[in-house]
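User: I am new to this structure. Please walk me through it.

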Amino acid sequence: MTGTIFLTTTLPYVNAAPHVGFALEAVQADVLARHHRRRGREVRLLTGTDDNSLKNLLAAEAAGLPVQEFVDRNAAAFEALREPLSLTFDDFIRTSTDPRHRAGVERLWRDCAADIYRSTYEGLYCVGCEHYLTDTTTCPDHEAPPQRVAEENWFFRLSRYAEPLREAITSGRLVIEPPARRNEVLALIDGGLRDFSISRSRERARGWGIEVPGDPGQVVYVWWDALGNYVTSLGYGTGGAAYEKWWGSGDGRRVHLAGKGVLRFHAVYWPALLLSAGLPLPTEILVHDYLTVDGRKISKSAGNGAEPADLAARYGTDALRWWLLREVPQTGDADFTVERLVARANEDLAGGAGNLVSRVVTLLGKLGGAVPGGEPLPVCAGVPSAVDSALAGFDFRRAAAGVWTIVEEANRYLEQTRPWELLRDGDTGAAGILGRLLATCRVLGRELEPFVPDLAAKISHQCTPAGGTLPPLRPVYPRLAVE
RNA sequence: GGGGCGGUAGCUCAGCCGGUCAGAGCAGAGGACUCAUAAUCCUUGGGUCGUGGGUUCGAGCCCCACCCGCCCUACCA
């Protein structure tokens, strides 16, 4: 089977605190990481922050803070998501401060030298978008007048890579999931790929960013910079065995998660750079759609996005993770509301799994004597493969639903066998039934681990005998109320 | 302007290559049970499948046009 799996999230730019939209991607990546680790594969999960965006600089100015201090503070907020979201990333890279990064970006630049040339660019540039506009009015996204810019820049010969990219995608060497996104990329390539500018003048970048090797007057385009993290974090450019192990050898899987808005950068620009540098391509790009909050588009700059750390503090990590995984469809945007978060948690986590554990443990308590053993219910046997196939297709909702069949079946089994009646009548059949249910709950605890790790641990603990008896019953998941 | 994706029961969504595909969950209604976190289990779903055409023996599922939402992208391909 495949050996290593290198998973990455995109690097959010840190012009503001993290919102649920990023939490979605982080949690998805974490579930994949946990899942594959459980299957015995060697996993490395990377996340981090894009500090070098000009947007960060502007946000810092607006906040009246020195840019480095500003990005330090926000980056810390992203890294601090580890606890509230129960993330298990193995590495966190920051593009402005990580010693691995700058050297790696420079190396990547040099390795692509054959495709880099100098030319003049003139056009209208939107600072908010970090790219040029052709319209003369205002940027529709930022409602700000673009700036007229004419300068010498470095360009990358993207036009040369249309065919190799198409081949990589159609051959399946580079998988883009879901298929609709793959088609979108193919259509994009069919539409023609133009060379693009990969540097900005130092003045326009306000000196913020990574200097172009050998050209102090230019700063590396922030996307080149940011995308590079996928290899610079592994020591590409600074040596170290990690790069060869996780990327350079071409073995194993190299999996990027990314939002639909940055598809082009991940599925076209980035592979082209790798091709140019003679490096292996990612094996998969998993594209998710967006979240809205209370029916409105999330806007970091407007600050109306729900904050994941805050949500986790209020409603718990499990509730947040479960909502993101169980409720967000693979295709199509999903609307986040606290009401939905709470409803889903109460319905599934409290009323479903939590209540199941309570009834099983309580009944076992009435049994007296030793904790009975038993085989898990038949439904358990099919769950691992159902989860495998759902996750292989990047379908978290289907995966979560697959695990949930255990809860449904167990509650139904309880209802059908009615062990409380047997206990009342002194029928010894109750022990066997409860033994099977207890074993089933333990399987549930195991299978739930990638999705809701905290709850999973509680279930496992509550259902595992220690010293011949079960731990005293403590509800594994109390009901929530909307605050 | 171009490309893409969505628009299916009150709500959130499944519906692979066209023929039990008109569905699930929640909400609502009725019932059962009492081991449990007013939880659980059973029964109950007549909604023009965005709109209008078309192809077909037969279309949410194919084609065309249009409307709405979102993503990307751009000037005359």
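This is a predicted model: local features need pLDDT of at least 70, side-chain atom pairs count only at pLDDT 80 or more; totals for chains, interfaces and linings use all residues.

Analyst: Residues are numbered from 1 along each chain as its sequence is written, chains are lettered from A and ligands numbered from 1 in the order in which they are written, and side-chain values use heavy atoms, leaving out hydrogens and water.

User: Which helix gives the most to the surface near RNA strand B?

Analyst: A residue is near the strand if one of its heavy atoms lies within 4 Å of it. Helices are DSSP runs (H or I, at least four residues), numbered from the N terminus. α7 (179-190), α14 (338-367), α16 (396-417) and α17 (419-424) each supply at least two residues. With eleven residues, the top giver is α14.

User: How far is a phosphate oxygen of RNA strand B from an N or O atom in the side chain of K297?

Analyst: K297 is among the residues that come nearest to RNA strand B. For the phosphate oxygen and K297, the distance is 2.7 Å.

User: What area is buried between domain 1 and domain 2?

Analyst: The domain assignment, automatic or from a database, gives domain 1 (4-297) and domain 2 (339-462) in chain A. Buried area is the accessible area (1.4 Å probe) that two parts lose on being put together, summed over both. Carbon and sulfur atoms give 60% of it here. The total is about 1,300 Å².

Note on methods: A polar contact is a pair of N or O atoms within 3.5 Å; within protein, one must be able to donate a hydrogen and the other to accept it, and residues adjacent in sequence count only if both atoms are side-chain atoms.
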